[in-house]
Amino acid sequence: MSADYKLAQPVNFKKLLKYAPSIKETFDEDCDPDRVKIITDGTNYLHVYLNKRGQIDSCTRYGGNDEEAIFDKIYEETDGTPLEGMWNACYAG
């Protein structure tokens, strides 16, 4: 089972990792590293999809991963930073 999300506005991937330090990048050799990144909070995983400018514009949760835990951590850690309010993932189907 999966769930797809579209961000209200693109978010720079490198800045996300900078301002949300508990969110880490991990790898999957089956994914194109220029277009797909996998982020984790240490327990849950989320595939994020990058546009040509290295910005996240959508993401997908696969299996039993709790995307809300990752979203909540991003909201908490980017509060008061240039990314505050930018991470707004809307369920796409």
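Which residues of the largest nonpolar core touch the most other members? The points below take up this matter and then turn to other features of the structure, which is a predicted model.

1. The largest nonpolar core holds 21 residues, and those touching the most other members are Leu16, Ile39, Leu46, Val48, Ile56 and Trp87. At least two residues of this core come from each of strand 1 (2–12), helix 1 (13–19), strand 4 (45–50), strand 5 and helix 2 (67–78). Strand 1 gives the largest share, four residues.

2. Val48 deserves a separate remark. Apart from neighbours within four places in sequence, Val48 is in contact with Ile39, Ile56 and Trp87, among others.

3. Strand 3 (residues 36–40) is mostly covered, with five of its five residues buried. In a regular strand, side chains alternate between the two faces of the sheet. Here Val36, Ile38 and Thr40 point one way, while Lys37 and Ile39 point the other way. The residues on both sides are buried.

4. Strand 3 has pairing partners to consider. Strand 2 (residues 24–26) pairs with strand 3 in the antiparallel sense, over three bridges. Strand 4 also runs antiparallel to strand 3, and five bridges join these two. Thr40 of strand 3 stands opposite Lys24, and Thr40 also stands opposite Tyr45 in strand 4.

5. How many aromatic pairs does a search of the whole structure find? The search finds one. The pair is formed by Tyr5 and Phe71, whose ring centres are 5.1 Å apart; their planes stand at 80°, so the arrangement is edge-to-face. Tyr5 belongs to strand 1 and Phe71 to helix 2, and the pair links distant parts of the chain, 66 residues apart. Both Tyr5 and Phe71 are buried.

6. Asp57 is a charged residue that the reader may wish to inspect. Asp57 lies in strand 5 (residues 55–62). Asp57 is buried yet has no salt bridge. The nearest side chain of opposite charge is that of Lys6, 4.5 Å away, whereas a salt bridge requires a separation within 4 Å. Leaving aside neighbours within four places in sequence, the contacts of Asp57 are Lys6, Leu7, Tyr49 and Asn51.

Conventions. Residues are numbered from 1 along each chain as its sequence is written. This is a predicted model: local features need pLDDT of at least 70, side-chain atom pairs count only at pLDDT 80 or more; totals for chains, interfaces and linings use all residues. Side-chain values use heavy atoms; hydrogens and water are left out. Buried means under 20% relative accessible area, exposed over 50%, partly exposed in between (1.4 Å probe, protein chains only). Contact means heavy atoms within 4.5 Å. A nonpolar core is a set of buried Ala, Val, Leu, Ile, Met, Phe, Trp, Tyr and Cys residues joined through side-chain atoms within 4.5 Å. Rings of Phe, Tyr and Trp (its six-membered ring) pair if their centres lie within 6.5 Å; planes under 30 degrees apart count as stacked, over 60 as edge-to-face and the rest as tilted. Two strands pair if DSSP finds at least two bridges between them.
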